[in-house]
Amino acid sequence: VVMGSLEYKGKHLKSVSRGDIDLKGETGESEKGKTRQRYAKLLDLVKDKLKDDVKDVRFSGRLKDSPCCLVTDTGDLDPQTEKILRAMGQDVPGGKRILEINPDHPLLEMMNSIFEKDKNSPLLDEYVGLLYDQALLLEGSKPKDPVALAKTVARLMIKSAE
């Protein structure tokens, strides 16, 4: 709330978890276009699978190590403000967030190779759900289905140990 109105040397401070920003620096537009084109169908699949949970799914310009994150759209309440208002007993409108996916993360490459082999793979559904739950955990929220998350993580741990 306070940060939205601060200014330093003529620059307005902006929350890194709000809106569409590019923190990666000077990445060529042709490289971004190739990435978008390469993963476009996978991104459409993720959008379709999460249409009830998120407002949009897009590539991120702010992520370096993480595969995904949830951000608020410009003008929407951020998760911390929503929590504060709920704790005060205020009625908070349930706004959906935007899932941003890191196009440079190896997980996206692996998901895309599964998608190219079998567009209807149940493994893709599982991974899309895990991405969303991971984004929820990273922002400090509870996963949609904690039991399913725990079972999926246990199954993946067993599979990787074999």
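**The sheet and its surroundings**

Modeller: Ser-121 counts as buried, at 11% relative accessibility, where buried means under 20% relative accessible area, exposed over 50%, and partly exposed in between, with a 1.4 Å probe and protein chains only. This is a predicted model, in which local features need pLDDT of at least 70 and side-chain atom pairs count only at pLDDT 80 or more, while totals for chains, interfaces and linings use all residues. Residues are numbered from 1 along each chain as its sequence is written, and side-chain values use heavy atoms, with hydrogens and water left out.

Ser-121 sits in the loop between α3 (106–117) and α4; helices (H or I, at least four residues) and strands (E, at least two) are DSSP runs, numbered from the N terminus. From there, its side chain reaches the backbone nitrogen of Leu-123 at 3.2 Å, a polar contact being a pair of N or O atoms within 3.5 Å; within protein, one must be able to donate a hydrogen and the other to accept it, and residues adjacent in sequence count only if both atoms are side-chain atoms. Helix α4 (residues 122–139) lies across β3, β4 and β5 and runs at about 60° to β4. Contact here means heavy atoms within 4.5 Å, and axes are lines fitted to C-alpha atoms, for helices over the stretch in contact, with angles from 0 to 180 degrees between N-to-C directions.

The sheet itself is open, with three strands in the order β3-β5-β4 and mixed pairing. At its edges are β3 (54–59) and β4 (68–71), each of which pairs on one side only, and the twist averages 25° from one strand to the next. Two strands pair if DSSP finds at least two bridges between them; β3 and β5 (residues 97–101) pair in the parallel sense over five bridges, and Asp-56 stands opposite Ile-98 in β5.

In the loop between β3 and β4 lies Gly-61, which counts as buried at 11% relative accessibility. Its C-alpha atom is separated by 8.5 Å from that of Glu-100, although the two residues are 39 apart along the chain.

As for cysteines, a disulfide is a pair of cysteine sulfur atoms within 2.5 Å, and by this rule the count is zero. The sulfur of Cys-68 lies 7.2 Å from the closest cysteine sulfur, in Cys-69, and is therefore too far away for a bond. Cys-68 is buried at 1% relative accessibility, and Cys-69 also counts as buried, at 13%.
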